[in-house]
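Good morning, colleagues. Please look at the sequence and the structure, which I shall now put on the screen.

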Amino acid sequence: MFNLIPAEPPERAIRLRRQIMAVYSYCLLWVGTILGVELSAFAPDTPHLMIFSVLFAINLVFFLLIRSGLSERLGDPSLTILQMATGIILTTVILHYTRELRGAMLSIYFMVMTFGIFALDRRRQMAMAGFTLFCFTTLQVYEWLETPQQAIFSFLIGHWIILALILCWFIYMGGYIHNLQNRVRDQRENLRDAHSRLEAIAVRDDLTGLYNRRHFLERLEEELSLANRNHTPLYLAIIDLDHFKRVNDNYGHHSGDEVLSRFARIASQGLRKSDLLARYGGEEFVVLFPHATEAASEAALERLRSGFAEQAYSFASDLKTTFSAGLTAFQPGETADQLIKRADSALYEAKSRGRNQVVQLPLS
């Protein structure tokens, strides 16, 4: 079924509602014009049917362009300037048929200007105000040349000055509102960025960019529940960088940070996207291998160990970095603490065997 105003995308729905509001305003103006003709406030030969028929036909085209999304290919997807220009020209034509009500009917110009006060910046508002003043001036000059005996110069100048002054006010207020909108939009973006940064801080380690211990433990509980429910394999490895304290003592903490960051980068590139890698604390890291086999998990750790051992560092050409790792498989029904303790026991065994190796529990 065809929807006059679709819910998606929301920006298009907003533009269509504005378009319908404009048509509603024109309907009210048409009723007012008909009453004006009947009450002799307008010239009796006012061609209101033709004027508003053309106007509604133009607005139908605007509506179809917005409704179909074709207007989104333009710089002004709301067609604000085109709609305002149409309204200004219509107002000028109607003013030609007014009599004593011309001063009051100038307010229609301001209704049209209000249509763009939230959508246009100050430069474009000035352009539309200039176009309005040009149309009204053209009308005055035309009427002066056509019927000079009916023109009252003081009224012409008075109307022109009133229109110019109020248009200046619209430019000032419109620019002020537009600047407020920009500030609100910028603040909203800043808040969104700040929220994103806070979310990242809550789950990420500042130095390495890996997940932190708290987030890892939360994810571990989730993976354990899935493994228990679906009876899928799950492996956990705890990694400890060998003799890391010597790096800090001999080369400084900045060098130690470089080693930690280098390991995090190599591990992130070498592991699967489904593997969960986190900094567990200090020089300790953890890797969770969901839906993996024992051989695949051990092979991934061995590749990582080999790649880390081949790293060269600018601050110490003779530095060779290694790590020890303990690997264990999840056993149905066990808790996260039990799984971590068994992986930690495997890590302790790797260190006791001389470090720079991967040991798996249960030991053979």
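I shall speak about aromatic rings and the charges placed over them.

This is a predicted model, in which local features need pLDDT of at least 70, side-chain atom pairs count only at pLDDT 80 or more, and totals for chains, interfaces and linings use all residues. Residues are numbered from 1 along each chain as its sequence is written, and side-chain values use heavy atoms, with hydrogens and water left out.

Searching the whole structure gives 13 aromatic pairs. Rings of Phe, Tyr and Trp (its six-membered ring) pair if their centres lie within 6.5 Å; planes under 30 degrees apart are stacked, over 60 edge-to-face, and the rest tilted.

Phe110 and Phe170 are stacked, because their ring centres are 5.8 Å apart and their planes lie at 20 degrees. This pair links distant parts of the chain, 60 residues apart: Phe110 is in helix 5 (residues 107–115) and Phe170 in helix 7 (residues 153–203). Helices (H or I, at least four residues) and strands (E, at least two) are DSSP runs, numbered from the N terminus. Both Phe110 and Phe170 are buried, that is, under 20% relative accessible area, with exposed over 50% and partly exposed in between (1.4 Å probe, protein chains only).

Phe308 and Phe323 make a tilted pair, with 6.2 Å between centres and 35 degrees between planes. Phe308 is buried at 1% relative accessibility, and Phe323 at 0%. Together with Phe263 and Phe285, these two form one aromatic cluster.

Finally, Arg204 lies over the face of Tyr211, 4.0 Å from the ring centre. A charge sits over a ring if NZ of Lys or CZ of Arg is within 6 Å of the ring centre and within 35 degrees of the ring normal.
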